[in-house]
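Each of the terms used for a protein model rests on a cut-off.

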Amino acid sequence: MTDSRYDAVVVGAGAGGAAAAWRLCQRGWRVLLLDAGPAFDAAVDYGLDRPDWERLGFPHKRGSLGQTRFAPLQELDPDNADLRSWSLGQGISNRESRRAVSGPGYHHVRGIGGSTLHFVGESHRMNPASMSMRSRFGVAADWPVSYAELEPYYLQIERLLGVAGPTEVRDRWRSAPYPQPAHPLSKASRQLARGASALGLAWDVNPRCALSRPFDGRPSCNYCGGCTLGCPRRDKGSADVTFIAKARASGRCDLQSDTTLLRIIAADGKAGAAASHIEAIEVIRDGQRERIPTQRLILACGAIETPRMLLLEGGLGNAHDQVGRHFLESVGWTSIGRFQTPLMSFGGLPADSISWHYNRPDAIPGVVGGFRLSAAIHESDMIGAIAHAQRAVPGFGREHKRQMRSVVGSTVAVGAVGESLPNPQSWVDLDPNDRDPHGRPLARIHSYVDGMTVQRLRAMARATRAILKASGAVAWVEEYGTYDYFSSAHVFGTCRMGVDRRQSVVDADLRVHGFDNFHICDASVFPSSGGGEAPSLTIQALAVRAVDRMVSV
Ligand SMILES: Cc1cc2nc3c(=O)[nH]c(=O)nc-3n(C[C@H](O)[C@H](O)[C@H](O)COP(=O)(O)OP(=O)(O)OC[C@H]3O[C@@H](n4cnc5c(N)ncnc54)[C@H](O)[C@@H]3O)c2cc1C
Ligand code: SF4
């Protein structure tokens with residue numbers, strides 16, 4: 001029996017699910033979009049104007065953080081002591097002999113808008129050179145969709161979000177300019193540009209979905225620097241104020257927050273049918289279980305929860321043991337230096353500048369997979385007095401106060417984010433011990449930093465240090481990275497797309513192999529990560545393209 005109210009049910013209202021729901025509504029379909037997390041109200045929930053804004057961080061609400069478990073992480077090698085995280089205030093951060101999990105480890109938000117509520121808002125297109133890692137370098141898998149096929153979708157989404165960007169971005173051709181003019185560089189970024197130029201590296205404006213001009217009923221950015229704490233002005237292009245607002249305005253989208261997917265109910269294909277079929281889902285809301293029949297199911301719970309949902313059903317779409325495999329996490333390194341002159345580094349647009357110099361997969365001699373460099377003080381959370389007192393200025397008393405006055409605003413971070421390549425020791429499965437409140441096993445992350453990643457991290461650390469030094473940093477304050485901590489905001493790969501169903505979970509149109517009405521539209525479909533590109537724009541381009549292909553069949 002099918003529910004005549006909806007043509008499609010989308011589970012997960014984050015980057016991918018929101019984009020899919022919007023496009024379905026645009027194409028005239030009636031959609032139910034549901035999410036396990038709560039709705040956030042920018043005017044009420046975000047705390048940038050509160051005295052305790054720094055302690056508050058991103059304001060998690062009831063149900064807005066999922067639970068994840070980790071298998072024991074690897075022993076650390078004394079030969080890699082140069083990649084250990086440390087700060088002036090605290091010394092070596094991870095004093096264990098093993099890699100540790102930093103905070104929740106998997107940084108995400110459950111809610112209407114998903115992790116985009118918390119994200120910085122960097123809006124990157126993939127480097128086409130990073131989309132054929134298997135055929136060029138024998139690693140990861142090739143993308144079954146080309147940059148040329150994605151380009152019109154990138155453009156549509158940049159226009160919908162109001163992305164502000166430079167006239168061009170290296171290696172990525174465009175069929176039309178960015179819809180909004182680039183933001184001016186902050187004082188700290190201009191300082192970094194001077195250093196980069198002294199080293200012969202281009203230091204560019206970073207494409208950002210933060211409005212440089214009022215657009216679509218939203219005001220322009222005021223450069224408060226708080227993007228990861230939740231944008232109170234709604235000019236950051238998080239999915240709630242863009243895709244979901246538009247889907248709702250179409251009158252064809254019903255939205256349900258605080259509704260958790262419990263089960264996906266599949267029927268075997270009818271006799272002689274080539275494909276299986278999803279009949280219904282079971283959800284829980286306000287303690288009540290409900291069965292919702294589905295004509296189409298789009299799963300978009302992110303690269304940890306999506307494979308979990310499939311594994312909980314005994315391995316839906318897992319005929320070839322691909323669900324949960326090929327897990328990719330952010331590979332990052334950040335160096336923070338102190339400058340002699342005040343640079344007001346706590347303000348300005350986060351991540352306003354970037355260098356693509358090392359972004360191509362063959363940019364580091366002897367290493368496969370590149371990285372990007374960007375201004376990163378806001379992502380490091382080194383913007384308020386508490387962070388400076390704890391991490392940058394050791395001691396106490398009068399001298400401590402004096403130093404605090406000169407240090408706050410003079411710390412500058414350069415962050416590197418690099419290619420993450422699959423290895424057999426990195427995957428997601430079900431935890432054998434711990435369960436969620438509904439009695440179902442939690443997702444368990446297995447993560448391993450292999451030798452090639454260590455080499456890439458070392459190249460990243462060399463570059464961040466060199467730029468800060470050339471820019472005039474007079475002292476080091478803190479460094480941290482992936483080598484000794486799992487701390488990932490970008491996760492991918494666990495239901496990857498591909499032509500060969502023995503090596504992938506979904507096809508190029510994001511349809512689960514072996515099913516006729518089941519798609520996955522989130523970060524889990526990435527076959528490779530790119531050399532540090534922020535993923536949301538690509539997740540959304542893939543999702544919108546998938547809907548177009550679905551609707552036209
Ligand atoms: C601090 C931070 C900074 C970032 N900065 C950037 C950036 O600048 N640019 C960029 O492109 N990306 C950035 N990212 C990454 C980006 O936010 C994610 O890659 C992207 O949101 C992933 O999209 P998704 O659709 O895969 O998952 P998500 O956006 O995480 O959405 C998944 C949704 O599924 C829901 N869900 C999960 N399980 C269930 C269930 N059982 N039932 C119902 N719903 C469920 C969740 O509640 C969630 O809302 C950042 C992330 C963080 C945390
Ligand atoms: S810097 Fe701009 S986009 Fe970011 S939170 Fe402030 S107003 Fe919003």
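This is a predicted model: local features need pLDDT of at least 70, side-chain atom pairs count only at pLDDT 80 or more; totals for chains, interfaces and linings use all residues.

Q: What makes the protein count as compact or extended for its length?
A: The protein holds 12 helices and 25 strands, where helices are DSSP runs of H or I with at least four residues and strands are runs of E with at least two, numbered from the N terminus. Its radius of gyration, 23 Å, is close to the 24 Å that the globule rule gives for 553 residues, so the protein is as compact as a globular protein of that length. The radius is taken over C-alpha atoms, and the rule is 2.2 Å times the number of residues to the power 0.38. The C-alpha trace spans about 75 × 50 × 45 Å along its principal axes.

Q: Why is R501 called partly exposed?
A: A residue is buried if 20 or more other C-beta atoms, placed from the backbone, lie within 10 Å of its own, exposed if 12 or fewer do, and partly exposed in between. R501 has 16 C-beta neighbours inside 10 Å, and therefore counts as partly exposed. R501 sits in the loop between β24 (491-492) and β25 (518-520).

Q: Which residues does R501 touch, not counting those up to four places away in sequence?
A: They are H320 and H513, a contact being two C-beta atoms, placed from the backbone, within 7 Å.

Q: What makes α8 mostly covered?
A: Of the 11 residues of α8, 10 are buried; among them are G302, I304, E305 and R308. Just after α8, G314 takes a positive phi of about 80 degrees.

Q: What covers the buried residues of α7?
A: The cover includes α1, β2 (31-34), α5 (147-161) and β10 (253-256), and the buried residues of α7 (240-249) include D240, F243 and A247.

Q: What makes β11 and β13 edge strands?
A: The sheet is open, with three strands in the order β11-β12-β13 and antiparallel pairing. β11 and β13 (288-293) each pair on one side only, and pairing requires at least two bridges found by DSSP. Six bridges join β12 (277-285) to β13, so that pair meets the requirement of at least two.

Q: How many residues surround ligand 1, and which are closest?
A: There are 38, the closest being G12, G14, R110, G114 and S536; a residue is near a molecule if its C-beta atom, placed from the backbone, lies within 6 Å of it. The shell divides into 15 nonpolar, 18 polar and five charged residues, with Ala, Val, Leu, Ile, Met, Phe, Trp, Tyr, Cys and Pro counted as nonpolar, Asp, Glu, Lys and Arg as charged, and the others, Gly among them, as polar. α1 (15-26), β11 (259-267), α8 (302-312) and α12 (536-552) each supply at least two residues of this shell.

Q: How does the shell around ligand 2 divide?
A: It holds seven nonpolar, three polar and three charged residues, and the closest of its 13 residues are A210, C221, C224, C227 and C231.

Terms used
Residues are numbered from 1 along each chain as its sequence is written. Chains are lettered from A and ligands numbered from 1 in the order in which they are written.
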